[in-house]
Amino acid sequence: MQINRRQWQRQALALALLPWLHSPVQPQDVSRRWKTQPFALGVASGSPRADGVVLWTRLLIDEGDRQSNTSEPVLVRWELFADEALRQPVRQGEVTTDASRGHSVHVPLQGLEPGREYWYRFNCGDATSRVGRTRTAPAVDAPVQRLRLALASCQHYEQGQYIAHRDMAEQSLDLVLFVGDYIYESSNARYAIRQHNGPEPMTLAAYRSRYEQYKSDPWLQASHAAHPWVLMWDDHEVVNDYANDRDNRYSPPEVFLARRAAAYQAYFEHQPLWLGPDPGSHQRASMRLHDRLSWGTLADLWTLDCRQYRDYQACPDPLKGGARVVTHCPELDQPERSILGQSQERWLTEGLRDSRSRWRLVAQSTQISPTSIATPLGRTTFNDAWDGYPQARRRLLETFADLPERNVVTLGGDVHMNVAAKLRASPNDESSPVIASEFVTTSVTSRGLSENILGMVRSSNPDLVHARSDERGYTLIDVQPEVLRTEFRTTAHPAGSQDKLSVQAAYQVLMGRPGPIPA
Ligand SMILES: [Fe+2]
C-alpha cells in the first residue's frame with residue numbers, strides 16, 4: 001500500500017506539473033501594469049500532505065487589461081513564508097499560465113516540513129494577491145493529539161449569504177473539508193435572495209463564469225485564505241442528480257460527457273487540486289478526485305467520489321430522468337450495483353483494512369444512514385443517496401464490521417440537514433450492533449426539507465439520533481485520541497449577512513464505542 005501511495009503521489013505531481021514543463025512561448029514581461037486587480041478571485045491551498053500542499057489562484061483578466069494576443073502565456077510568481085509577517089521566505093518560484101486553463105495557477109509544493117503552518121502569496125507584474133495561510137499534514141508516524149476540521153457542503157449562491165464561511169475563517173482549524181455542491185448549475189427564483197449571473201452553464205466558458213461569481217464572495221475567499229481545503233464534489237458541480245455518463249434529461253452519453261468534461265475542467269481550474277482531468281480519457285471527461293489523507297497516527301481520512309463511477313439510479317422516471325422517491329423497486333437490491341464503482345470500492349476496502357490510525361474517517365458526498373419512509377403502500381426510498389444503493393451500503397458496512405477496531409466515523413453532506421446517526425450492520429434493526437457513527441452537515445445556504453417530511457423520516461428511522469433541516473451552517477469536528485466531538489453551527493434559513501451562527505447541538509463519539517451521544 002505504501003508503495004502504491006507513493007507511486008500515485010509521484011504520478012499526481014508529474015501530471016499537475018505538466019502544463020508548465022512544456023511552455024512553448026516566452027511569457028509576458030514581468031513589469032506588466034494592471035488597471036484592474038487580476039487576483040480578484042482570491043487564493044487557496046489544499047490537499048495537504050506531510051511534505052506538501054497545492055497553492056492555487058486564478059487571474060481574472062479584465063477587458064481593459066487584455067493583450068492583443070489573448071493566447072499569450074502569463075508569468076505568475078509565488079512566494080512561501082514561514083511566518084505571518086512574511087519576514088522569513090522559505091521558497092519562491094514562477095509558473096506560466098494561459099487562456100487554455102482559464103489563467104488558473106496550481107503550484108504543487110513538495111519537500112516542505114510536516115505539521116507546520118506556511119503563508120503564501122502571488123505576484124504578477126505590479127499586482128500582488130492577498131496572503132493565504134496553509135499547513136502541511138503531520139508526519140505519518142507523528143503522535144498527533146488533535147485534528148480540528150470544518151465539514152461543509154451545498155452553498156447555493158442564490159439561497160443565502162456565506163456567513164458560515166465567515167465563521168470558518170475565524171476558527172482555528174487544520175482544514176476545511178468540503179463534501180460537494182460547491183456551485184449550483186440551476187436556479188429557483190422562488191427561494192433566491194441574490195441572483196446567479198446567467199442561465200444554466202453547459203460550456204466551459206459558462207462554468208468558468210459561474211465559479212467567478214461564487215469565488216467573488218468575500219467570505220468564501222476568506223475561508224479559502226485562512227485554511228487549506230480538502231475537496232470532494234457531488235452532482236451540482238455538473239448537473240443535478242447526474243450518475244456516471246447519464247444526466248437528468250437522458251441526453252445521449254456523448255453529449256453529456258462533453259458537458260461533464262467542461263464542468264470537471266472548470267472545477268480543476270478553480271480548486272487547489274494535485275490532479276486535473278485525465279488527459280488520456282475520452283473527451284477529458286474523467287478526473288480522479290478520490291483520495292486518502294493521513295493526520296499523523298491520529299486519523300486517516302478518505303474522500304470519495306460518489307458521482308463519476310456510480311451505477312444509474314434504480315427505477316428512474318422514464319420521462320423525466322434524475323432521482324426520485326421509489327417504492328417496490330426490485331432493481332434496488334441487485335447485488336452488483338455500486339455508488340463508488342468497483343475499483344474505488346476495492347481501493348477503499350483495502351485502505352480501510354490496511355489503516356493503522358486511531359480513527360478511520362470516511363468522507364463521502366451524501367448520507368449513508370437510512371432516510372426511507374414507512375407508508376401503508378410500502379417503504380419509500382430516495383434513489384439517489386446510499387438508500388438507493390443498499391447492496392453497496394451492505395458491503396461498506398460489512399467492511400466496517402470486519403475491522404479489528406470500532407473507530408469508523410463517516411462524514412457527509414448533500415441532504416441539507418444536520419444528521420447524527422448510528423450505523424448498524426443492518427440499518428434500523430435494533431438487534432443489529434452499532435458498528436460506526438455518522439455525521440452529515442447541513443448546507444451552507446441551500447434550502448432544506450420541510451419539517452412535515454422530516455418528521456416522517458425521523459419516525460421511520462430510529463438509527464437517526466439527530467436530524468434537522470431547518471437551519472444553515474456547517475459542522476465543527478474535533479478529533480482527539482479518545483473522543484471525536486462535533487458541533488452543528490447554524491443559523492435560521494435563509495442565512496442573512498447580519499446573522500450569527502450558534503450551536504444547534506453537539507455530539508461526541510468515544511473511541512471503541514460507536515454511536516453519537518450528546519456532548
Ligand atoms: Fe446540495
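**Disulfide, pocket and backbone features of the predicted chain**

C329 is buried, with a relative accessible area of 7%. This value, like those that follow, was computed from a predicted model. The partner of C329 is C315, and the sulfur atoms of the two residues lie 2.0 Å apart in a disulfide. A total of 1 disulfide was counted. The torsion about the S-S bond of C315 and C329 is about 95°, and the disulfide is therefore right-handed. Because C315 lies in the loop between β13 (299-303) and β14 (325-326), while C329 lies in the loop between β14 and α6 (342-354), the pair ties together parts that are 14 residues apart in sequence.

Two further cysteines were examined for burial. C124 has a relative accessibility of 3% and therefore counts as buried, since the limit for this class is under 20%. C306 takes part in no disulfide; the nearest cysteine sulfur belongs to C154 and is 13 Å away, whereas a disulfide requires sulfur atoms within 2.5 Å. C306 also counts as buried, its relative accessibility being 0%.

The overall form of the chain was considered next. The chain contains 8 helices and 25 strands. Taken along the principal axes, the box filled by the C-alpha atoms is roughly 70 × 55 × 45 Å. Of the 519 residues, 60% are buried. Among contacts with a separation of 6 or more, 72% are accounted for by residues 24 or more positions apart.

Three elements, β16 (373-375), β17 (378-382) and α8, each supply at least two lining residues. The largest share, 3 residues, comes from β17.

With a relative accessibility of 11%, D241 counts as buried. The backbone of D241 has a phi near 65°, a positive value in a residue other than glycine. Such values stand out because most residues other than glycine have a negative phi. A positive phi, near 50°, was also found for H328, again a residue other than glycine. H328 is placed in the loop between β14 and α6, the loop that also holds C329. In terms of accessibility, H328 counts as exposed, at 65%, whereas D241 counts as buried.

A further backbone feature is the cis peptide bond that joins H493 and P494, with omega about -10°. In general, most peptide bonds are trans. P494 is situated in the loop between β23 (483-492) and β24 (502-510).

Two serines were also examined. S47 occupies the loop between β1 (43-46) and β2 (53-58) and is buried, with a relative accessible area of 8%. When neighbours within four places in sequence are left aside, the contacts of S47 are G52, V53, W229, P272, L273 and W274. S459, by contrast, is exposed, with a relative accessible area of 63%, and therefore lies above the limit of over 50% set for that class. S459 is part of helix α8 (residues 451-460), an element that supplies at least two residues of the lining of the largest pocket. The C-alpha atom of S459 is separated by 47 Å from that of P114, a residue 345 positions away along the chain.

Methods:
Residues are numbered from 1 along each chain as its sequence is written. This is a predicted model: local features need pLDDT of at least 70, side-chain atom pairs count only at pLDDT 80 or more; totals for chains, interfaces and linings use all residues. Side-chain values use heavy atoms; hydrogens and water are left out. Helices (H or I, at least four residues) and strands (E, at least two) are DSSP runs, numbered from the N terminus. Buried means under 20% relative accessible area, exposed over 50%, partly exposed in between (1.4 Å probe, protein chains only). Contact means heavy atoms within 4.5 Å.
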